[in-house]
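Here's a quick tour of some local backbone and packing details. Have the structure open and follow along.

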Amino acid sequence: MGKEIRFGIVGVGQIGKQHLANWAKIPDAKLVAACDIDVPELNRVCAEHKIPNKFTDFKELLKMDEIDAVDVCLHNNLHAPVTMAVLKAGKHAYCEKPIAGTFRDGLNMVTTAQKCKKMLHIQLSTLYSMEHKVAQRLIEGGHLGQLYHARAYGFRRRGRPFVDGYGTDKFCKKDVAAGGALFDMGVYHIGEVLHLLGNPKILSVSGATHQQLPMYEDRRKSSGFSVEEFGVGFVRLAGGITLDIEESWAQHYDGSESSKIFGSKGGLKLSPFTFFSNSGDVELSSTVDLKALDFRWHACEKDFAAYDSSQEHWLAALQGRVDLLDTAGITLNTMLISEGIYQSQKEGRELTAAEILENSKSTALKL
């Protein structure tokens, strides 16, 4: 328990409701205001969560002096304008992933946070799993040796938003969502691997996107489906490290693969978690009792609970109990990779990081 942090939330739709359910479990988080343009739903959600102040214009919410931080739960091309307004209003900002619709917009967010001297945190849930925490300790302990290759992998057999029955059609529209599988799910897996690698500098990106599987034609037409269902990439990173990417909303396969990291002394498979090593000229494949580790580390290590979830970590950082993980930097690099894959698809070649940045344009929606 520490200082109470007073939050406002912008957007109480599908993602906003998930965030609200999580905030309700955190004792030091107090929701004091909410904003949404859907007035009936705003009223219902505020009544359910006992949120006293309601707004249809987020700019009015930002005028509340008692708000310490704002949770932005909007579609991708609204992240940059709303988050930057939050920061300029003197509030800390927590934003749903991905950081924005383009690298240019994400960079503007990071620069604004630095200028305003406010903390910017991006929701990246994979950093708080026990698999990730164990992998990080093994890497930091030198048990993998020199890292040289990794894979970021995400799978859905048939899970495209809206056209397969889940979520709204806004996930399918490029002018709102900016991207498909790479932005929606790929950010989790690419970001997780980048964090374990130490978020190295990106040198070049190549890749391709696809939309090949059939879908219900009425839903295709009504949604204006204009994003990818499948993306692949190859990335060259500083230090001679390579990274390959496969992310799908839909594919004819079984999802038996996993994100992984290779080093000179050992390797990691994140799901199911396995550590590969060599001892006495014997190849070993080791499993881990994650539940036992989770119990012991919670019981014995100070502030371990501050890494139980993205929102608990954000609150602990605002309270000054822990240093904030650089999720903004990680998701900004993730955006550079994803946008690089889109540009590579268009141009049919590998692009340098400098080329990707030069080609990146703002797609932020005007408010």
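Where is the place of Lys50? Lys50 is in the loop between helix H2 (39-49) and strand E3 (53-55).

## Ground rules

This is a predicted model, where local features need pLDDT of at least 70 and side-chain atom pairs count only at pLDDT 80 or more, while totals for chains, interfaces and linings use all residues. Residues are numbered from 1 along each chain as its sequence is written, and side-chain values use heavy atoms, with hydrogens and water left out.

Helices (H or I, at least four residues) and strands (E, at least two) are DSSP runs, numbered from the N terminus.

Asn199 is another non-glycine with a positive phi, about 50°. Look for Asn199 in the loop between helix H8 (181-197) and E8. As a reminder of the background, most residues other than glycine have a negative phi, and most peptide bonds are trans.

On to the peptide bonds. Going from Lys97 to Pro98, the bond is cis, with omega near -15°. Pro98 sits in the loop between strand E5 (92-95) and H5.

The Ser271 to Pro272 bond is cis too, with omega near -10°. Pro272 belongs to the loop between strand E12 (266-270) and strand E13 (273-279).

## How H4 meets H5

Helix H4 (residues 76-88) packs with helix H5 (residues 103-116) at an angle of about 5°, their axes 9 Å apart. Axes here are lines fitted to C-alpha atoms, for helices over the stretch in contact, and angles run from 0 to 180 degrees between N-to-C directions. So H4 is roughly parallel to H5 (roughly parallel means angles under 35 degrees).

H4 brings His79, Ala80, Thr83, Met84, Leu87 and Lys88 to the contact, and H5 brings Asp105, Asn108, Met109, Thr112, Ala113 and Cys116; contact means heavy atoms within 4.5 Å. By class, that's six nonpolar, four polar and two charged residues (Ala, Val, Leu, Ile, Met, Phe, Trp, Tyr, Cys and Pro count as nonpolar, Asp, Glu, Lys and Arg as charged, and the others, Gly among them, as polar).

## Thr209 in E8

Thr209 is in strand E8 (residues 202-210). Its relative accessibility is 16%, so Thr209 counts as buried. Leaving aside neighbours within four places in sequence, Thr209 contacts Leu182, Glu228, Phe230, Gly231, Ile341, Tyr342 and Gln345.

Definitions and conventions:
Parallel < 35°, antiparallel > 145°, perpendicular 65-115°, else oblique. Buried < 20%, exposed > 50% of the residue type's maximum accessible area, 1.4 Å probe, protein only.
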